[in-house]
Amino acid sequence: MKYKSQKVAYWFFALSMLLLVLQITYGFIMGFARIGFDNLHEFIPFNTARAVHTNLLVVWLLSGFMGAAYYIIPEEAQRELVNVKLAYLQLISLAVVGVLAIVGYHFNYWEGRKFLEIPRPLDYLVVVNVLLFLGLILVTLFKGKRRTTTALVLSMGLLFAALLYLPGMLPFDSQVTDSFFRWWVVHLWVEGVWELIMGGILSFLLIKLTGVDREVIEKWLYIIVGLTFLSGILGTGHHYYYIGVNKIWLIVGGIFSALEPLAFLAMALFAVNMYRKGERKHPNKLALYWTLGAAIVSFVGAGLLGFAHTLPQTNLYTHGTLVTAMHGHLAFWGAYAMIVLAIISYSLPNMTGRKLYQSTRGRAAYWLSNIGMIGMTVAFGVAGVAQVYLERKFGMEFMAVQKEISIHFVVLVICASMFTTGILLYIIDFYKHGTPTDEALETRNS
Amino acid sequence: MLSKKQARTFFLGGTLVTFLVFIGLTVYSLSIENDQTNEKNLTDAVVRGKEIWEANNCMGCHTILGEGGYYAPELTKVIDRLDQRFGGSGEAVIKSILMSEVPWQPNGRKMVAYGMSEEEAEDMVAFFQWIGEIDLNGFERIVSPLAKERIEN
C-alpha cells in the first residue's frame, strides 16, 4: 500500500463479503424451494428470495468495484484520495440503501422489474450515492500526478455505469418499451461498461503481478474494451428478439452478439500471454490464480455459454428457460465475482501487512468455489436443456416438466454446498488478514 | 501491429459508430409504423394491470414475454392456454386465482395468495389480453400450442 487513503477499500471489500454470504443464503432458499422444500414460503416467497439474491449480487459486486477503485485510483494517480471521510460516508450510505431495499422486498415494497427491483425513492438515493463516489474518484484522478489508461478505463466504466442506470428509471405504460429500456441498463452494464471496469482491474493486476511493461498491457486493454463495445452495444439486440419489437433485431442482435465471445477470448489470451511474458514473479500466487481464473472462466461462462443460446434460431426455444440461469451463473462468477476476489486477494496483504501468500486455505477456497460453480452450471444446463425439449418441443405442461427436472436441483444444491465451502474459506482467509494499518505503508514493491 | 494510439482510436471510433447505429435502430424499432404491440389497445385497465404486475413482482416467479423468474409458468398466452384447458373459462380461472385468499398450489408449488379485488383482477386480465396479442416474431407459437394451431390454420 502506497497511500493511507487506500485503506478505505478494505471496508468496501468487507461489506462485499458480508453481502456475498447473504446472497448465497437466499440462493439456497431458492434451490430448496425448487426441490419441494419451500417451508419459508410464508415469510420469504420465491419472488422475494430471487429479488434479494440478484440484487445482493449487484450490490456486492458494486461495493467490490468501488473498493477496487478506491485502492487503484490513488496508486495510479499517485496521490491520496481527495476526501477519506466522504468515502466512508459513501460506504455507509451504500450499505443503508442496500439494507433498506432488501428489507423492503420482504414486505412487498419493490418495483417488480427483473434485476431493477429497487423501489423508485431508493433509486434516487442510489443516484446520490454513486455521484458522491464518482466525484471522489474523478477529482482524485484529475488532481493526480498522472492519468494512466488503466485509471481512465476503470473510471470511464464506473461513470458510464452510473449514466446507464438512468434509462431504467424512465416510466413507460407499455411492458414492451419498459423491457426495451430495462435492457439498456442490464445488458449494457454486464456486457458493456462493467467489462471496462473488469478490464481496468485486470490491467492493474497484470501490471503489478507480471511486471510486463504498462504500455504493452494498456494497448491490449484498449483493443479488448474496443471489441467489447463493438460487439456488446449492438449485441443488446439478443434481448429484443422475442419481446415484441421489430425483426431487424434478429439479424443485428444475432450477428453482433455472436461476436461478443471475441472480447472475452481476447481477454483470456491477453491475461495468459502477459503471465507467460512476465519476468517478475510476484509472490502473491493466490492473486494470480484469481486474476488468470477470472479471464479464463469469464470466456467460458460469458463467452462460450452465452454464444450457446444467443443465435435467434436457438434462442426461440431457450428464451425464458433455465438455460439463461446456466449462462448467468458462470458468466457473473467468472467475469465479475472472480475479478473482485482477485483484487481483494492482491490488495488485502498490502493493506494489512500480513503476507499470507502461501495459504492452503486460500488455495482450497479457489478450487472448491470454482469446481462448485462449474457443477452448478452443469446442473442448471442439464435442467435447462431438458426443459427446452420437454416443454418447448414436446408441449408438456410447465409444472409437469418442473417435476421431471427437480432432480437436477438436488445436484445443484450439492454443488452449491461445495461452492459455499470455498467462499467461507475465502472469508476466513479475509478475516485472518486482520484490519488495515498505516504500518503496512510502503514506497515500493507493493 | 497496432500502436497504443491506434488501439485507442479503434476503441473510441468503434464505440461511437456502434452507439450511433444502436440509437438509430432504437428509434426505428420503436416508431409507430413498426409497432407490433397494438399500442392503440393500451387502455387504462392494461396500464393499471401492468402496475399491479410490478407492485407484486409477479416477474420474480413467472415469465412474461420470456422474461422473469423461471419458477412459475410463462404468462404470455395464459388466457389462450387456460381457455383450452378449462373449456373457454380462462379469464374466470385467472380471476379466481388472483382473488383467492388461500395460497394456490398447483402441483405442490405455492403461489402467494394476493386476495385481489374484482377490479384489480379484471385489470390483470386486461393486461394479459394485451400481452397475448403482441406479435413476438414467432415466440408466441412456442409458448402456446393453441397459438401454433391458430397460426397454421
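Predicted model: local features only at pLDDT ≥ 70, side-chain atom pairs only at ≥ 80, totals over all residues.
Visitor: How many helices and how many strands are there in chain A?
Guide: Residues are numbered from 1 along each chain as its sequence is written, while chains are lettered from A and ligands numbered from 1 in the order in which they are written. Helices (H or I, at least four residues) and strands (E, at least two) are DSSP runs, numbered from the N terminus. In chain A there are 13 helices, and the number of strands is 0.

Visitor: What is the radius of gyration of chain A?
Guide: The C-alpha atoms of chain A fill a box of roughly 65 × 45 × 45 Å along the principal axes. The radius of gyration is taken over C-alpha atoms, and the globule rule is 2.2 Å times the number of residues to the power 0.38. For 446 residues a compact globule would come near 22 Å, which agrees with the value for chain A, 21 Å.

Visitor: What percentage of the residues of chain A count as buried?
Guide: A residue is buried if 20 or more other C-beta atoms, placed from the backbone, lie within 10 Å of its own, exposed if 12 or fewer, and partly exposed in between. Of the 446 residues of chain A, the buried share is 58%.

Visitor: Which helix of chain A gives the largest share of the side that touches chain B?
Guide: Contact here puts the C-beta atoms of two residues, placed from the backbone, within 7 Å. In these terms 58 residues of chain A are in contact with 58 residues of chain B. Several helices of chain A each supply at least two residues of that side, including H2 (46-77), H6 (175-210) and H13 (398-432). The largest share, 11 residues, comes from H7(A).

Visitor: What is the radius of gyration of chain B?
Guide: Chain B has 7 helices and 2 strands, and its C-alpha trace spans about 65 × 35 × 30 Å along the principal axes. The globule rule gives 15 Å for 153 residues, so chain B is more spread out than a compact globule, with a radius of gyration of 21 Å.

Visitor: How far apart do the C-alpha centres of domain 1 and domain 2 of chain B lie?
Guide: Domain bounds come from an automatic or database domain assignment. For chain B that assignment gives domain 1 (1-34) and domain 2 (38-152). The distance between their C-alpha centres is 37 Å.

Visitor: Which residues touch the most other members of the largest nonpolar core?
Guide: A nonpolar core is a set of buried Ala, Val, Leu, Ile, Met, Phe, Trp, Tyr and Cys residues joined through C-beta atoms within 7 Å. The largest one holds 188 residues, and those touching the most other members are Met267(A) and Ile339(A).

Visitor: Is Tyr70(B) buried or exposed?
Guide: Tyr70(B) lies in the loop between strand S2 (67-68) and helix H3 (78-85) of chain B. Its phi is near 60°, a positive value in a residue other than glycine. With 25 other C-beta atoms within 10 Å, Tyr70(B) is buried.

Visitor: What does Asn108(A) count as, with 15 C-beta neighbours inside 10 Å?
Guide: The place of Asn108(A) is in the loop between helix H3 (84-105) and helix H4 (120-143) of chain A. Phi of Asn108(A) is near 60°, a positive value in a residue other than glycine. Because of its 15 neighbours, Asn108(A) counts as partly exposed.
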